[in-house]
Amino acid sequence: IVKVTVGKNIKTLKKNAFAGSKATKVVLQTKSLKKSQIKGCMKGSKVKTVYVKVGTKAQNKKVLKSYKKIFRKSVIGRKVKIA
């Protein structure tokens, strides 16, 4: 598995959610994630890139901007590129 898709109904990514996973890409289709709901989710994983695909171009741009603020190394446990 190289890519994992997180559906639009997901509201929380638990600590170490991707730990031990060999996936390098994560596609987020949800727009309801907050900083406290993703704390440590990428710790121990090989994820390098997180893609945001939530709907229209305008919606993507808005959600991408907010996710860039919350997906920081201090929150998720590693350096991840948001696209």
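This is a predicted model: local features need pLDDT of at least 70, side-chain atom pairs count only at pLDDT 80 or more; totals for chains, interfaces and linings use all residues.
Start with the overall layout. The protein chain holds 2 helices and 4 strands, and reading along the sequence gives β-β-β-α-α-β. Here helices (H or I, at least four residues) and strands (E, at least two) are DSSP runs, numbered from the N terminus. With a radius of gyration of 12 Å, close to the 12 Å that the globule rule gives for 83 residues, the protein chain is as compact as a globular protein of that length. That radius is taken over C-alpha atoms, and the rule is 2.2 Å times the number of residues to the power 0.38. The C-alpha trace spans about 35 × 25 × 20 Å along its principal axes.

The 4 strands make an open sheet in the order 1-2-3-4, with parallel pairing; two strands count as paired if DSSP finds at least two bridges between them. Strand 1 and strand 4 (81–82) sit at the edges with a single partner strand each, so one side of each is left without a neighbour in the sheet. Helix 1 packs on this sheet, touching strand 2, strand 3 and strand 4, and its direction makes about 145° with that of strand 3. For such angles, axes are lines fitted to C-alpha atoms (for helices, over the stretch in contact), and values run from 0 to 180 degrees between N-to-C directions.

Going strand by strand, strand 1 (residues 3–6) and strand 2 are joined in the parallel sense over 4 bridges. Val4 faces Val26 across this pair, and Thr5 has Val27 as its bridge partner. Strand 2 is in turn linked to strand 3 by 4 bridges, again parallel: Val27 stands opposite Tyr51, and Leu28 opposite Val52. Between strand 3 and strand 4 there are 2 bridges, also parallel.

What about the inside? The largest nonpolar core has 21 residues, and Ile38, Met42 and Phe71 have the most contacts inside it. Such a core is a set of buried Ala, Val, Leu, Ile, Met, Phe, Trp, Tyr and Cys residues joined through side-chain atoms within 4.5 Å. Strand 2 (25–28), strand 3 (49–52), helix 1 (57–70) and helix 2 (73–76) each supply at least two of its residues, with helix 1 giving the most, at 3 residues.

Leaving aside neighbours within four places in sequence, Met42 is in contact (heavy atoms within 4.5 Å) with partners including Phe18, Val26, Val50 and Phe71.

Notes:
Residues are numbered from 1 along each chain as its sequence is written. Side-chain values use heavy atoms; hydrogens and water are left out. Buried means under 20% relative accessible area, exposed over 50%, partly exposed in between (1.4 Å probe, protein chains only).
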